[in-house]
Amino acid sequence: MQQETLCFNELVRTYEQDVRRYSLFLCGNRDLAEDIAQETFLRAYRYIHLFRGDASFKTWLFKIAQHAAKDLQQKQSAQHSILTKAKLALNYYPSAEHTYFDSYLKDEICEIVLMLPHVFQQVIVLDVKYDRSIQEIAQQLQVSAGTVKSRLYRARIKISEHMMRRHG
């Protein structure tokens, strides 16, 4: 058990920064990104026996982070739905400040994406906004799946770097 703990700690040390940055990119919120990163490593530890080596270990971790973010968003969406119904029952509406900051974050991410080179914009929009698979994006852009993966990875890194510079 101690050997497993040492291996897990090494795994976290090796990939922690990348997973945190990617999690921040996925959700745009530092607190949520922390939750996603923690959940990613817990799932990786729990399911390490399922890692087949078809892709790099970091890619596998990023896929886990995507699923963790999606699960968290679904959970929040359900909670939001319940809260919204409760607020409507109380005739409560979000403050202008709350609405502004929600809109501001979305605008900020869009602004960063628009600053990226066109090839990165294409893959990010198709992946995030239109939820296309790697193969679908490759077919649409008439490039290889490897090219799409590379562009997505590089685009996400650039977005994360911009977010980190803006928010310290």
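Glu 39 sits in helix 2, which spans residues 30-46. The model is a predicted one. Glu 39 counts as partly exposed, because its relative accessible area is 25%, between the 20% limit for buried and the 50% limit for exposed. Its C-alpha atom lies 9.0 Å from that of Ala 69, and 30 residues separate Glu 39 from Ala 69 along the chain.

**Overall layout**

- The chain contains 7 helices and 0 strands.
- Read from the N terminus, its elements run α-α-α-α-α-α-α.
- The chain has 168 residues, and 30% of them are buried.
- Take the contacts in the chain with a separation of 6 or more: 64% of them join residues 24 or more positions apart.

**Aromatic pairs**

- The whole structure holds 7 aromatic pairs.
- One of them joins Tyr 15 and Phe 57, with ring centres 5.4 Å apart.
- The planes of Tyr 15 and Phe 57 meet at 45 degrees, so this pair is tilted; the tilted class lies between stacked, under 30 degrees, and edge-to-face, over 60 degrees.
- Tyr 15 belongs to helix 1 (residues 2-27) and Phe 57 to helix 3 (residues 57-89).
- The pair thus links distant parts of the chain, as its two residues are 42 residues apart.
- Phe 57 has a relative accessibility of 15%, so it counts as buried; the cut-off for buried is under 20%.
- Phe 57 also forms an aromatic pair with Trp 60.
- The rings of Phe 57 and Trp 60 are 5.3 Å apart centre to centre, with 45 degrees between the planes, and this pair is tilted.
- Both Phe 57 and Trp 60 lie in helix 3. They are 3 residues apart, about one turn of the helix.
- In general, an α-helix has 3.6 residues a turn, so residues three or four places apart point the same way.
- Phe 57 and Trp 60 are both buried.
- Ring pairs join Tyr 15, Phe 51, Phe 57 and Trp 60 into a cluster.

**Helix 5 against helix 7**

- Helix 5 covers residues 118-129, and helix 7 covers residues 145-167.
- The two helices pack at an angle of about 95 degrees, and their axes are 9 Å apart.
- Helix 5 is therefore roughly perpendicular to helix 7, a class that takes in angles of 65 to 115 degrees.
- The contact of helix 5 with helix 7 has 8 nonpolar residues, 5 charged residues and no polar ones.
- From helix 5, the residues in contact are Val 119, Phe 120, Val 123, Ile 124 and Asp 127.
- From helix 7, they are Val 148, Arg 151, Leu 152, Arg 154, Ala 155, Arg 156, Lys 158 and Ile 159.

- Helix 6 runs over residues 134-141, with Ile 137, Ala 138 and Leu 141 buried.
- Seen down the helix axis, the buried residues of helix 6 fall within an arc of 100 degrees, so they line one face of the helix.
- What covers these buried residues? The cover includes helix 5 and helix 7.
- Gln 139 and Gln 140 are exposed on the other side of helix 6.

Definitions and conventions
Residues are numbered from 1 along each chain as its sequence is written. This is a predicted model: local features need pLDDT of at least 70, side-chain atom pairs count only at pLDDT 80 or more; totals for chains, interfaces and linings use all residues. Side-chain values use heavy atoms; hydrogens and water are left out. Axes are lines fitted to C-alpha atoms, for helices over the stretch in contact, and angles run from 0 to 180 degrees between N-to-C directions. Helices (H or I, at least four residues) and strands (E, at least two) are DSSP runs, numbered from the N terminus. Angles under 35 degrees count as roughly parallel, over 145 as roughly antiparallel, 65 to 115 as roughly perpendicular and the rest as oblique. Contact means heavy atoms within 4.5 Å. Ala, Val, Leu, Ile, Met, Phe, Trp, Tyr, Cys and Pro count as nonpolar, Asp, Glu, Lys and Arg as charged, and the others, Gly among them, as polar. Rings of Phe, Tyr and Trp (its six-membered ring) pair if their centres lie within 6.5 Å; planes under 30 degrees apart count as stacked, over 60 as edge-to-face and the rest as tilted. Buried means under 20% relative accessible area, exposed over 50%, partly exposed in between (1.4 Å probe, protein chains only). The arc is that of the directions from the helix axis to the C-beta atoms.
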